[in-house]
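Here are my notes on this model, point by point. Have the coordinates open while you go through them.

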Amino acid sequence: MICVNKCGLCRDIPDAIKRDVRQRCGFGCVRCGSAIYRYHHFDPPFEKAETHAADGITLLCGACHDLAHGFLSRQTVQACNQNPKCLEQGFSYGPFDVGSSSPVVVMGNLTFIGTPIILEVSGKALLAIEPSEQQRTPFRLSATLHDRKGNEILRIVQNEWQALASNWDIEVEKSTITIRHAPRQIALKLRSEPPGKLVIETLDMFYGGLRITGKEGQPTAAFLPDGTVWFKVPATGATISGCGRGIVLG
C-alpha cells in the first residue's frame with residue numbers, strides 16, 4: 001500500500017477530518033451500512049489528492065472498498081456517498097461473535113456469568129441473554145442502551161449491534177465501539193472479546209428516571225435526577241453467576 005502519494009500526501013487523515021466524514025456518512029459504509037469501515041478517497045482518488053478534504057472522502061467496508069478499486073465506478077461511489085445507507089436505515093451495524101456458550105458480560109466491577117437478564121430498569125430488560133435456539137448455535141445477546149439525556153444510542157438485536165446514525169460521533173476500532181455525545185465526552189464504550197465476552201468499558205445513560213454510570217474496574221452506580229445515590233456496587237465488586245437477574249432498578 002502506498003503510504004505517501006506522488007503529491008507528498010501521507011495516508012494519515014487528521015482526526016477532525018475523520019470525524020466530519022463519519023458524521024456525514026452516518027458512521028458506516030455508505031453502500032451497505034456496515035460499521036466496520038475504511039476511509040476511502042474518491043474525489044480525487046488518493047493517488048492524485050493534494051489534501052485530505054472531507055468532501056472527497058467517504059466510508060466503505062472492506063468488501064465495498066475492494067470493489068471500488070475495480071468493480072465499482074467512481075460515479076457509483078459518489079452516488080452512495082450522497083445517499084448513505086446508514087442515514088437511510090438510521091443505523092450502522094456489525095456482528096458480535098457470541099459463541100455457543102452463555103457469554104460473559106463485564107459491567108463496571110461486576111462480572112455476569114450465566115445471567116439471563118443482566119440489567120433491568122423499571123421492568124424493562126435493557127441487557128439480556130437468551131439461550132441458543134439449537135445445539136451448537138450462538139446464544140443471543142440483546143440490549144437497548146441510552147445516553148445521559150435518555151436518547152437511544154445503540155441497540156443489540158440477537159447478536160447484531162446497531163449504532164444509531166443520530167449520535168454525535170461513533171468510532172469503531174478493532175473490537176471496540178466508542179459513542180460520544182460531545183468532544184471527549186464518552187456516552188458508551190464497548191469491547192468485544194470473541195467468542196463470548198462483552199466488556200462495557202464506559203456507561204453513562206439515563207433511563208426510567210435514573211442515571212446509570214460505570215467504568216471497567218470501577219463501581220457501577222445509579223443516581224436519582226437530583227444526584228442522590230440510588231444504587232452503588234461495593235468497591236470490591238462481585239461475580240454474579242447462575243442468577244436469573246443481575247441488576248434490577250426502579
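1. The largest pocket holds about 720 Å³ of space. A pocket here is an open set of points on a 1 Å grid over the protein atoms alone, with protein on both sides within 12 Å along at least five of seven lines; points are joined across faces, edges and corners, and the volume is the space filled by probe spheres set on them. Lining residues have an atom within 4 Å of a point. There are 29 of them, and Arg 11, Arg 38, Tyr 39, His 40 and His 65 come closest to the centre.

2. Before going on, keep in mind that this is a predicted model: local features need pLDDT of at least 70, side-chain atom pairs count only at pLDDT 80 or more, and totals for chains, interfaces and linings use all residues. Residues are numbered from 1 along each chain as its sequence is written, and side-chain values use heavy atoms, with hydrogens and water left out.

3. Who builds that pocket? β1 (37–41) is the top contributor to the lining, with five residues. α1 (15–25), α3 (74–82) and β11 (169–173) also supply at least two each. Helices (H or I, at least four residues) and strands (E, at least two) are DSSP runs, numbered from the N terminus. By class, the lining has 13 nonpolar, five polar and 11 charged residues (Ala, Val, Leu, Ile, Met, Phe, Trp, Tyr, Cys and Pro are nonpolar; Asp, Glu, Lys and Arg charged; the others, Gly among them, polar).

4. α1 deserves a look. Ile 17, Val 21, Arg 22 and Cys 25 are buried in α1 (buried is under 20% relative accessible area, exposed over 50%, partly exposed in between; 1.4 Å probe, protein chains only). They cover an arc of only 135° around the axis, so they sit on the same side of α1; the arc is that of the directions from the helix axis to the C-beta atoms. The buried residues of α1 pack against β1, β2 (57–61), α3, α4 (85–89) and β11, contact meaning heavy atoms within 4.5 Å. Just after α1, Gly 26 has a positive phi of about 80°.

5. Now the largest nonpolar core, which has 41 residues; Phe 96, Met 107, Leu 127, Leu 154, Trp 161 and Leu 188 touch the most other members. Strand β14 (residues 197–207) gives the most to this core, four residues. A second, separate core has 18 residues, including Ile 13, Cys 29, Phe 42 and Ala 68. Such a core is a set of buried Ala, Val, Leu, Ile, Met, Phe, Trp, Tyr and Cys residues joined through side-chain atoms within 4.5 Å.

6. Beyond four places away in sequence, Leu 188 touches Leu 145, Ile 153, Leu 154, Ile 177, Thr 178, Ile 179, Ile 200, Thr 202 and Leu 203.

7. Finally, the overall picture: four helices and 19 strands, with 46% of the 250 residues buried. The C-alpha atoms fill a box of roughly 60 × 45 × 30 Å, taken along the principal axes.

Conventions:
1 Å grid on protein atoms, 1.4 Å probe; cavity = no way out; pocket = protein on both sides within 12 Å on 5 of 7 lines; lining within 4 Å.
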